[in-house]
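This report examines one structure from the packing of its helices to its pocket. Please consult the sequence and the model while reading.

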Amino acid sequence: MSVPQILFLVVGAVTLGAAVAVVTSRNVLHSAFLLALTFFGVAVLYVLLDTPYLAAAQVLVYIGAISVLIVFAIMLSRKVAAPDLVQRNSQWLLSLIVAVALFGVLAYLTLQAAWPAAKQALSVDAIGGLGEAFVGTYALPFEVVSVVLLVALVGAIIIARER
């Protein structure tokens with residue numbers, strides 16, 4: 001086993017552990033930071049897979065924007081990080097059952113699908129075209145999504161405020 005393969009497995013295990021910790025942590029602020037660690041792990045995996053464009057997009061969008069947005073939303077909410085606040089989900093058992101069932105269905109479908117393998121590597125023009133489509137043709141949908149996220153953040157702050 002080569003060094004990049006070992007590094008890939010280690011980073012994958014850390015990323016998976018951080019993702020599990022995101023949903024099992026009782027402190028929402030800790031979950032937000034663990035989510036940023038998960039996003040960073042995915043970016044490192046992209047680098048190890050020789051896709052620097054996706055790694056840069058992962059860092060800029062998910063760590064630089066989404067994670068910071070979540071941390072700001074938590075910080076602007078009152079008493080969310082207070083140590084005396086009990087954060088518990090009474091529907092965790094139902095959620096666990098649905099998640100395991102969904103995982104089983106997705107695993108079954110993944111194993112049953114005939115995945116077509118590319119005969120040759122993608123050309124640089126195809127990757128460049130993808131990048132140009134993100135900032136050209138699909139720029140408006142990305143901007144619409146950013147406005148929707150901003151409205152959701154403002155709505156969450158208004159709902160979280162004390163009356």
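## Packing of helix H2

In this predicted model, the buried residues of H2 pack against helix H1 (3-24) and against H3. Those buried residues are Leu-29, Ser-31, Ala-32, Ala-36, Thr-38, Phe-39, Gly-41, Ala-43 and Leu-45. An α-helix has 3.6 residues a turn, so residues three or four places apart point the same way.

The length of H2 can be checked against its residue count. At 1.5 Å a residue, the 21 residues of H2 should span 30 Å, and the end C-alpha atoms of H2 are 30 Å apart, in agreement with that expectation.

## The aromatic pair

How many aromatic pairs does the structure hold? There is 1 aromatic pair in the structure. Its members are Phe-39 and Tyr-62, in a tilted arrangement with 5.1 Å centre to centre and 50 degrees between the planes. Phe-39 belongs to helix H2 (residues 28-48) and Tyr-62 to helix H3, so the pair ties together parts that are 23 residues apart in sequence.

The two partners fall into separate accessibility classes. Phe-39 has a relative accessible area of 14% and is buried, because the cut-off for burial is under 20%. Tyr-62, at 37% relative accessibility, counts as partly exposed.

Ser-67 is located in helix H3. Is this residue buried or exposed? Ser-67 counts as buried, with a relative accessibility of 5%.

Apart from neighbours within four places in sequence, Ser-67 is in contact with Ala-36, Phe-39 and Tyr-62.

## The largest pocket

The largest pocket has a volume of about 590 Å³. Its lining consists of 19 residues, and Ala-57, Leu-60, Val-61, Tyr-62 and Phe-142 lie nearest the centre of the pocket.

Which helices each supply at least two residues of the lining? They are helix H3 (52-76), helix H5 (124-135) and helix H6 (139-160). H3 provides the largest share, with 11 residues. By residue class, the lining comprises 16 nonpolar, 2 polar and 1 charged.

Key. Residues numbered from 1 in each chain as written. Predicted model: local features only at pLDDT ≥ 70, side-chain atom pairs only at ≥ 80, totals over all residues. Heavy atoms only, no water. 1 Å grid on protein atoms, 1.4 Å probe; cavity = no way out; pocket = protein on both sides within 12 Å on 5 of 7 lines; lining within 4 Å. Points joined across faces, edges and corners; volume = space filled by probe spheres on them. Helix = DSSP H or I, 4+ residues; strand = E, 2+ residues; numbered from the N terminus. Nonpolar A, V, L, I, M, F, W, Y, C, P; charged D, E, K, R; others polar. Phe/Tyr/Trp six-rings, centres within 6.5 Å; stacked < 30°, edge-to-face > 60°. Buried < 20%, exposed > 50% of the residue type's maximum accessible area, 1.4 Å probe, protein only. Expected span 1.5 Å × (residues − 1). Contact = heavy atoms within 4.5 Å.
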